[in-house]
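Biologist: Hi! Could you walk me through this one? I'd like to start with the overall picture.

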Amino acid sequence: MVIKLKSAQTAFWALLLALCVVAAVFLSTSKEEGTETNSQTGAPMLIIDAGHGGTDGGAVSVTGVPESEINLSIAIKLRALAQLLGLPCIMTRETEEIDYPEDANSLHEKKVYDTVRRVELAESEPGCVLISIHQNKFPASSPRGPQAFFGKDGNSEVLALLAQEKLTAALWPENRRVAAPIPKKVYLFSHISCTSLLAECGYLSNPTEARLLETDGHQIKAALALASAYIEFISAENKV
Ligand SMILES: [Zn+2]
(Lines give C-alpha, C1' and ligand atoms only; values in the text may rest on other atoms or scores of the structure.)
Protein backbone atom coordinates (compact mmCIF):
# COMPACT_ATOMS: atom_id res chain seq x y z
CA MET A 1 0.00 0.00 0.00
CA VAL A 2 2.82 2.35 1.01
CA ILE A 3 4.79 1.38 -2.09
CA LYS A 4 1.71 1.95 -4.26
CA LEU A 5 1.13 5.38 -2.75
CA LYS A 6 4.77 6.33 -3.25
CA SER A 7 4.75 5.29 -6.90
CA ALA A 8 1.48 7.18 -7.46
CA GLN A 9 3.00 10.27 -5.87
CA THR A 10 6.17 9.91 -7.93
CA ALA A 11 4.11 9.62 -11.11
CA PHE A 12 2.10 12.69 -10.11
CA TRP A 13 5.17 14.85 -9.49
CA ALA A 14 6.89 13.58 -12.64
CA LEU A 15 3.83 14.49 -14.71
CA LEU A 16 3.54 17.86 -12.98
CA LEU A 17 7.21 18.58 -13.64
CA ALA A 18 6.74 17.65 -17.30
CA LEU A 19 3.74 19.98 -17.47
CA CYS A 20 5.77 22.81 -15.91
CA VAL A 21 8.53 22.32 -18.48
CA VAL A 22 6.08 22.34 -21.41
CA ALA A 23 4.31 25.39 -19.98
CA ALA A 24 7.59 27.19 -19.36
CA VAL A 25 8.69 26.57 -22.96
CA PHE A 26 5.34 27.75 -24.24
CA LEU A 27 5.20 30.85 -22.07
CA SER A 28 8.76 31.89 -22.84
CA THR A 29 8.35 31.63 -26.59
CA SER A 30 4.75 32.73 -27.12
CA LYS A 31 4.06 35.95 -28.94
CA GLU A 32 2.70 38.96 -27.12
CA GLU A 33 0.88 40.63 -30.00
CA GLY A 34 -2.71 39.80 -30.95
CA THR A 35 -5.99 40.57 -29.26
CA GLU A 36 -7.08 37.00 -28.71
CA THR A 37 -4.50 36.08 -26.10
CA ASN A 38 -3.57 37.24 -22.64
CA SER A 39 -1.07 40.10 -23.06
CA GLN A 40 1.23 38.88 -20.26
CA THR A 41 1.62 35.21 -21.10
CA GLY A 42 0.38 34.89 -24.67
CA ALA A 43 -2.01 32.17 -23.50
CA PRO A 44 -5.74 32.45 -24.10
CA MET A 45 -8.11 32.77 -21.14
CA LEU A 46 -9.07 29.30 -19.91
CA ILE A 47 -12.65 29.14 -18.66
CA ILE A 48 -13.11 26.16 -16.34
CA ASP A 49 -16.76 25.18 -16.23
CA ALA A 50 -17.80 22.87 -13.40
CA GLY A 51 -20.99 21.38 -14.82
CA HIS A 52 -24.30 21.84 -12.94
CA GLY A 53 -24.39 23.34 -9.41
CA GLY A 54 -26.96 25.21 -7.33
CA THR A 55 -30.37 23.54 -7.58
CA ASP A 56 -29.08 21.36 -10.42
CA GLY A 57 -26.97 18.55 -9.00
CA GLY A 58 -26.74 16.70 -12.33
CA ALA A 59 -26.46 12.92 -12.19
CA VAL A 60 -26.12 11.09 -8.87
CA SER A 61 -23.49 8.40 -8.31
CA VAL A 62 -24.36 4.90 -7.12
CA THR A 63 -23.05 5.98 -3.71
CA GLY A 64 -25.32 9.05 -3.63
CA VAL A 65 -22.79 11.79 -4.46
CA PRO A 66 -24.13 14.46 -6.84
CA GLU A 67 -22.24 14.98 -10.09
CA SER A 68 -22.00 18.74 -9.39
CA GLU A 69 -19.69 18.09 -6.39
CA ILE A 70 -17.31 15.84 -8.33
CA ASN A 71 -17.27 18.29 -11.25
CA LEU A 72 -16.39 21.16 -8.90
CA SER A 73 -13.62 19.18 -7.16
CA ILE A 74 -11.95 18.37 -10.49
CA ALA A 75 -12.45 21.97 -11.70
CA ILE A 76 -10.76 23.39 -8.59
CA LYS A 77 -7.82 21.01 -9.10
CA LEU A 78 -7.56 22.05 -12.75
CA ARG A 79 -7.58 25.71 -11.69
CA ALA A 80 -4.79 25.03 -9.17
CA LEU A 81 -2.68 23.44 -11.91
CA ALA A 82 -3.36 26.31 -14.32
CA GLN A 83 -2.46 28.88 -11.67
CA LEU A 84 0.70 26.98 -10.76
CA LEU A 85 1.71 27.07 -14.42
CA GLY A 86 0.90 30.78 -14.75
CA LEU A 87 -1.95 30.20 -17.20
CA PRO A 88 -4.80 32.75 -17.01
CA CYS A 89 -8.08 31.11 -16.00
CA ILE A 90 -11.48 31.79 -14.50
CA MET A 91 -14.25 29.50 -13.27
CA THR A 92 -17.94 29.65 -14.09
CA ARG A 93 -18.65 28.74 -10.45
CA GLU A 94 -16.44 28.26 -7.39
CA THR A 95 -18.91 26.77 -4.93
CA GLU A 96 -21.89 24.41 -4.92
CA GLU A 97 -24.21 27.40 -4.37
CA ILE A 98 -25.35 29.69 -7.17
CA ASP A 99 -26.73 33.16 -6.50
CA TYR A 100 -30.04 33.21 -8.34
CA PRO A 101 -32.00 36.42 -8.98
CA GLU A 102 -35.22 36.88 -6.99
CA ASP A 103 -37.44 36.42 -10.04
CA ALA A 104 -35.99 32.97 -10.81
CA ASN A 105 -38.41 30.75 -8.91
CA SER A 106 -38.81 27.44 -10.70
CA LEU A 107 -36.02 24.95 -11.34
CA HIS A 108 -36.36 25.74 -15.05
CA GLU A 109 -35.99 29.51 -14.51
CA LYS A 110 -32.93 28.94 -12.31
CA LYS A 111 -31.34 26.64 -14.89
CA VAL A 112 -31.99 29.15 -17.70
CA TYR A 113 -30.49 32.00 -15.65
CA ASP A 114 -27.39 29.96 -14.81
CA THR A 115 -26.82 28.73 -18.37
CA VAL A 116 -27.22 32.22 -19.89
CA ARG A 117 -24.81 33.56 -17.23
CA ARG A 118 -22.19 31.01 -18.32
CA VAL A 119 -22.72 31.86 -22.01
CA GLU A 120 -22.27 35.58 -21.25
CA LEU A 121 -19.06 34.88 -19.32
CA ALA A 122 -17.58 32.88 -22.21
CA GLU A 123 -18.65 35.49 -24.76
CA SER A 124 -17.03 38.26 -22.68
CA GLU A 125 -13.59 36.65 -23.17
CA PRO A 126 -12.75 36.74 -26.91
CA GLY A 127 -10.51 33.88 -27.99
CA CYS A 128 -10.99 31.96 -24.75
CA VAL A 129 -10.98 28.17 -24.40
CA LEU A 130 -13.79 26.64 -22.33
CA ILE A 131 -13.35 23.26 -20.64
CA SER A 132 -16.55 21.93 -19.13
CA ILE A 133 -16.29 19.10 -16.62
CA HIS A 134 -19.04 16.51 -16.27
CA GLN A 135 -19.68 12.88 -15.28
CA ASN A 136 -21.70 10.39 -17.31
CA LYS A 137 -24.54 8.08 -16.32
CA PHE A 138 -26.27 5.14 -17.99
CA PRO A 139 -29.17 2.88 -16.93
CA ALA A 140 -26.88 -0.20 -16.99
CA SER A 141 -23.92 -0.35 -14.60
CA SER A 142 -21.32 -1.77 -17.01
CA PRO A 143 -20.45 1.29 -19.21
CA ARG A 144 -17.22 2.90 -18.04
CA GLY A 145 -14.53 5.29 -19.22
CA PRO A 146 -13.97 8.96 -19.97
CA GLN A 147 -15.15 10.59 -23.20
CA ALA A 148 -14.32 14.01 -24.69
CA PHE A 149 -16.87 15.97 -26.71
CA PHE A 150 -16.12 18.98 -28.87
CA GLY A 151 -17.98 22.23 -29.55
CA LYS A 152 -18.73 23.85 -32.92
CA ASP A 153 -15.59 26.04 -33.14
CA GLY A 154 -13.13 24.60 -35.68
CA ASN A 155 -10.34 24.02 -33.14
CA SER A 156 -12.51 22.23 -30.61
CA GLU A 157 -12.08 18.81 -32.21
CA VAL A 158 -8.27 19.10 -31.95
CA LEU A 159 -8.55 19.84 -28.23
CA ALA A 160 -11.05 16.98 -27.73
CA LEU A 161 -8.79 14.46 -29.49
CA LEU A 162 -5.94 15.45 -27.15
CA ALA A 163 -8.22 15.30 -24.11
CA GLN A 164 -9.55 11.88 -25.11
CA GLU A 165 -6.02 10.52 -25.42
CA LYS A 166 -4.83 11.99 -22.09
CA LEU A 167 -7.96 11.10 -20.10
CA THR A 168 -7.87 7.52 -21.37
CA ALA A 169 -4.18 7.13 -20.49
CA ALA A 170 -4.64 8.68 -17.05
CA LEU A 171 -7.96 7.22 -15.95
CA TRP A 172 -8.59 3.90 -17.71
CA PRO A 173 -6.18 2.73 -20.44
CA GLU A 174 -8.60 -0.01 -21.61
CA ASN A 175 -11.06 2.68 -22.64
CA ARG A 176 -12.18 2.47 -26.29
CA ARG A 177 -14.35 5.59 -26.39
CA VAL A 178 -13.55 8.22 -29.01
CA ALA A 179 -14.04 12.00 -29.12
CA ALA A 180 -17.43 13.05 -30.52
CA PRO A 181 -19.30 16.29 -31.29
CA ILE A 182 -21.49 17.85 -28.61
CA PRO A 183 -25.17 17.46 -29.60
CA LYS A 184 -26.64 20.75 -30.91
CA LYS A 185 -29.37 20.71 -28.24
CA VAL A 186 -26.85 21.49 -25.46
CA TYR A 187 -27.58 25.20 -25.00
CA LEU A 188 -24.24 26.36 -23.55
CA PHE A 189 -22.19 24.94 -26.40
CA SER A 190 -24.51 26.00 -29.20
CA HIS A 191 -24.43 29.60 -27.93
CA ILE A 192 -20.70 30.19 -27.36
CA SER A 193 -18.23 30.99 -30.11
CA CYS A 194 -14.92 29.99 -28.48
CA THR A 195 -13.06 26.67 -28.60
CA SER A 196 -14.87 24.32 -26.23
CA LEU A 197 -14.49 20.88 -24.72
CA LEU A 198 -16.98 18.89 -22.65
CA ALA A 199 -15.14 16.23 -20.67
CA GLU A 200 -17.20 13.36 -19.28
CA CYS A 201 -14.61 11.97 -16.87
CA GLY A 202 -16.39 8.70 -16.20
CA TYR A 203 -19.66 6.92 -15.36
CA LEU A 204 -21.32 7.51 -12.01
CA SER A 205 -23.53 4.48 -12.77
CA ASN A 206 -20.50 2.17 -12.75
CA PRO A 207 -19.79 1.28 -9.09
CA THR A 208 -16.02 0.86 -9.58
CA GLU A 209 -15.61 4.07 -11.54
CA ALA A 210 -18.01 6.06 -9.33
CA ARG A 211 -15.95 5.25 -6.23
CA LEU A 212 -12.75 6.22 -8.04
CA LEU A 213 -14.25 9.50 -9.25
CA GLU A 214 -15.01 10.42 -5.64
CA THR A 215 -11.33 10.19 -4.65
CA ASP A 216 -8.81 13.04 -4.71
CA GLY A 217 -6.27 10.80 -6.47
CA HIS A 218 -8.54 10.05 -9.44
CA GLN A 219 -9.69 13.67 -9.60
CA ILE A 220 -6.07 14.88 -9.72
CA LYS A 221 -5.39 12.48 -12.58
CA ALA A 222 -8.39 13.87 -14.48
CA ALA A 223 -7.27 17.46 -13.83
CA LEU A 224 -3.70 16.66 -14.91
CA ALA A 225 -4.96 15.00 -18.10
CA LEU A 226 -7.08 18.05 -18.96
CA ALA A 227 -4.23 20.47 -18.14
CA SER A 228 -1.85 18.42 -20.26
CA ALA A 229 -4.27 18.39 -23.22
CA TYR A 230 -4.86 22.14 -22.85
CA ILE A 231 -1.12 22.99 -22.78
CA GLU A 232 -0.42 20.80 -25.81
CA PHE A 233 -3.35 22.43 -27.60
CA ILE A 234 -2.33 26.05 -26.96
CA SER A 235 1.32 25.22 -27.70
CA ALA A 236 0.34 23.81 -31.11
CA GLU A 237 -1.96 26.78 -31.76
CA ASN A 238 0.99 29.14 -31.24
CA LYS A 239 3.34 26.85 -33.19
CA VAL A 240 5.78 26.62 -30.30
ZN1 LIG B 1 -23.41 16.69 -16.40
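**Overall picture**

Modeller: In the protein, 77% of the contacts with a separation of 6 or more are between residues 24 or more positions apart; two residues are in contact if their C-beta atoms, placed from the backbone, lie within 7 Å. This is a predicted model, where local features need pLDDT of at least 70, side-chain atom pairs count only at pLDDT 80 or more, and totals for chains, interfaces and linings use all residues. Residues are numbered from 1 along each chain as its sequence is written.

Biologist: Thanks! How many helices and strands does the protein have?

Modeller: Seven helices and six strands. Both are DSSP runs numbered from the N terminus, with at least four residues for helices (H or I) and at least two for strands (E). Along the sequence the pattern reads α-β-α-β-α-β-β-α-β-α-β-α-α.

Biologist: And what is the order of the strands in the sheet?

Modeller: The order is E2-E1-E3-E6-E4-E5, in an open sheet with mixed pairing. Strands pair if DSSP finds at least two bridges between them. E2 (89-91) and E5 are at the edges with a single partner strand each, so one side of each has no neighbour in the sheet.

Biologist: Which strands pair with E3, and in what sense?

Modeller: E1 (residues 46-50) runs parallel to E3, joined by five bridges, and Leu 46 is opposite Val 129 in E3. E6 (residues 195-203) also pairs with E3 in the parallel sense, over seven bridges, with Ser 196 in E6 as the bridge partner of Leu 130.

Biologist: Is E3 enclosed or open, then?

Modeller: Strand E3 (residues 129-136) is largely enclosed by the rest of the structure, because eight of its eight residues are buried. Buried means 20 or more other C-beta atoms within 10 Å of a residue's own, against 12 or fewer for exposed and partly exposed in between, with C-beta atoms placed from the backbone. Val 129, Ile 131, Ile 133 and Gln 135 are on one side of E3, and Leu 130, Ser 132, His 134 and Asn 136 on the other. In general, side chains of a regular strand alternate between the two faces of the sheet.

Biologist: Nice. What about E4 and E6?

Modeller: E4 (residues 147-150) pairs with E6 in the antiparallel sense, over four bridges. Phe 150 stands opposite Leu 197 in E6.

Biologist: Switching to helices: which strands does H2 lie across?

Modeller: H2 lies across E1, E2, E3 and E6, at about 145° to E3. H7 packs on the sheet too, touching E1, E3 and E6, and its direction makes about 150° with that of E3. Axes here are lines fitted to C-alpha atoms, for helices over the stretch in contact, and angles run from 0 to 180 degrees between N-to-C directions.

Biologist: At what angle do H2 and H7 pack?

Modeller: About 50°, with the axes of H2 (residues 67-84) and H7 (residues 216-237) 8 Å apart. They are therefore oblique to each other; under 35 degrees would be roughly parallel, over 145 roughly antiparallel, 65 to 115 roughly perpendicular, and the rest is oblique.
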